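Below are some comments on the model you sent, arranged as numbered points.

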Amino acid sequence: MSTPCPGLPRPRWRRRTLRLVAGTWVATGLLAPLLVGVLQPELLIGPGLLLSLVLIAFAVAGSNVELRFSLDDSGPVWSPVGVPIVLAVVACSVPQAMLVTALGYLLDRATWGRGRLLAIETAGLGAMSAGGAALLAHSIGLRFDSPGIALVSAIAASVLFLVLDAVTYAVWYQFESGTGGYVLRCFVGAAPIDVTFTTVAVLVTGPFIGAPFVVALVLAGCQGAIYALYRLVTSESRHRQQSDHLREVFSRYVPEQVAQRLATSPDKVRLGGELRDVTVLFCDIRGFTGWAERRDAESVVGELNSLLGGLAEIVMESFGTLDKFTGDGLMAFWGAPLDQPDHAERACRAAIGMQQLLDRRHRELLIGDDFEFRIGVGIASGPVVVGNVGHEKRLDYTAIGDTVNLAARLEQSTKELGVPTVVSHDTWLRLPPAFRERCANPTTVTVKGRVAPVQVHALVHDVTVMEAGTNAQPGSSASGFPLAA
């Protein structure tokens, strides 16, 4: 029968015919075991009844478990319902095998959640597949008498039931919604796992088929082993996904080698908010707005990208975290996501590198120009909250807290103080003694948002100026920064 063109309704008589055939097929799967039990009770409640009850219990339990043995969520879902069904196909009568399958599928909570009719249809289709597989298995003499025969029987019965089940469902869904191909691909995707686990479990359980209680114990052990394997695989999957997520998130902020370390050791970072002691740096390019007014847009963007790229590279080289670009400036911090005991020194070295970069660019690129770019840098150390902030679809790893605000205010204060880099006294206290000598004596400034004055230092970035500063007169510093009284 050819498939109608998509979007065109089937003739009413054809739809009715298909519904009648499909309904008859499902009804046969559900009612056949009961009718046989009435006409030939020994086939349903005779030998094998106790085994059937055990297999029904495991079929119901297995159908309510969904396992995904893959490293991502796109892999096929597998339920351990096939093991008791295949055992019933080989060791039980045809109506008993159909009853095991029908009840196993019918009592699946997930299927019931998608609709009562779907649960009934699934049970009927599965029962017909199991009945056909049992007839074929009995006709070709599958059994578990010896290890060799048991292996062949386990593989043959597993493949036989899987093929019949796949074809039955594919035909059904093709008639119902034209999605038979999709259903068939789902079965094919799960087939390797399905056949492998089912064959192994049936092979282990088959020799004890004459003792139903032993079968129950062995099946419980097999199901437990499968679940343990599942937890192992999914644990690896979660670890891999978390590592990939960490690498993706942090590769935008930190050097690649740091992102790789975070990915391989996710315990070193917590993606929620956490309190960390860090050093924060704000950098602003001075005079860029005025310079941009006399240039075309392409030149402005090219120069800004070049400047910010060079400044960001210095942050990365010092293993800092590039938080964000702030128009014609940037924010960075050290001490998170990885612990860095020397985060204050790293930030100050980065500030020195930034100032020297601007000096070098002016000498090499702007000779003859009447304009010279300068930068102002503010650095503060202290506790902040770091973590992912924003919307679930647009998160940024950033630092929040009073230390961040202070660093931003200190960057602004460089204009008033007439120095390129200002560091807080808390930052100065964290510096090694040799590095403290590069800072002027403290003074106090008043910053927005704080009532009390803040004690700060100027950071000298020119070594020659630093050497000249040894002969500076009292009351002044090498950088011209006023000394405290």
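This is a predicted model: local features need pLDDT of at least 70, side-chain atom pairs count only at pLDDT 80 or more; totals for chains, interfaces and linings use all residues.

Which residue in β3 is the bridge partner of L281?

1. The bridge partner of L281 is A332 in β3. The bridge belongs to an antiparallel pairing of β1 and β3 that runs over six bridges. Strand β1 spans residues 274-286, and because eleven of its 13 residues are buried, it is largely enclosed by the rest of the structure.

2. Strand β3 (residues 329-334) also pairs with β2 (residues 321-325), again in the antiparallel sense, over four bridges. Within this second pairing, K324 stands opposite M331 in β3. The two strands β2 and β3 form a hairpin with three residues between them, and G327 in the turn has a positive phi of about 70 degrees.

3. F319, in the loop between α13 and β2, has a phi near 60 degrees, which is a positive value in a residue other than glycine. With a relative accessibility of 33%, F319 counts as partly exposed. The peptide bond from A336 to P337 is cis, with omega near 5 degrees, and P337 is found in the loop between β3 and α14 (343-365).

4. The buried residues in α13 are V300, E303, L304, L307, L308, G310, L311, A312, I314, V315 and M316.

5. Salt bridges are the next topic, and a search of the whole structure finds ten of them. In one, the side chains of D277 and R430 meet at 2.8 Å, N to O. This pair links distant parts of the chain, since D277 belongs to strand β1 and R430 to helix α16 (residues 425-430), 153 residues apart. Both ends are partly exposed: D277 has a relative accessibility of 34%, and R430 has a relative accessible area of 34%.

6. What does R286 form a salt bridge with when the closest N and O atoms are 2.7 Å apart? The partner is E411. Because R286 lies in strand β1 and E411 in helix α15 (residues 402-417), the pair ties together parts that are 125 residues apart in sequence. E411 is buried, with a relative accessible area of 10%. Salt bridges that share partners also join E274, R276 and D339 into one network. R286 forms a salt bridge with D284 as well, the closest N and O atoms being 3.4 Å apart. R286 is buried at 17% relative accessible area, and D284 is buried at 16%.

7. Helix α8 (residues 147-177) holds V159, which is one of the residues that make a nonpolar surface patch of about 520 Å², together with L151, I155, V163, V167, V171 and F175. V159 counts as partly exposed, with a relative accessibility of 36%. L151, another member of the patch, is 49 residues from V200 in sequence and 8.6 Å from V200 in space, C-alpha to C-alpha. V200 lies in helix α9 (residues 180-205) and is partly exposed, with a relative accessible area of 47%.

8. Leaving aside residues up to four places away in sequence, S52 touches C92, Q96 and V100.

9. For the overall picture, the protein has 18 helices and eight strands, and buried residues make up 47% of its 485 residues. Of the contacts with a separation of 6 or more, 68% are between residues 24 or more positions apart. The accessible surface comes to about 24300 Å², and 61% of that area belongs to carbon and sulfur atoms.

Key
Residues are numbered from 1 along each chain as its sequence is written. Side-chain values use heavy atoms; hydrogens and water are left out. Patches are made of residues with over 30% relative accessible area and no salt bridge: like charges are joined within 9 Å, nonpolar side chains (Val, Leu, Ile, Met, Phe, Trp, Tyr) within 5 Å. Accessible areas come from the Shrake-Rupley method with a 1.4 Å probe; for residues, only the protein chains shown count as cover. A salt bridge is a side-chain nitrogen of Lys or Arg within 4 Å of a carboxyl oxygen of Asp or Glu. Buried means under 20% relative accessible area, exposed over 50%, partly exposed in between (1.4 Å probe, protein chains only). Contact means heavy atoms within 4.5 Å. Two strands pair if DSSP finds at least two bridges between them.
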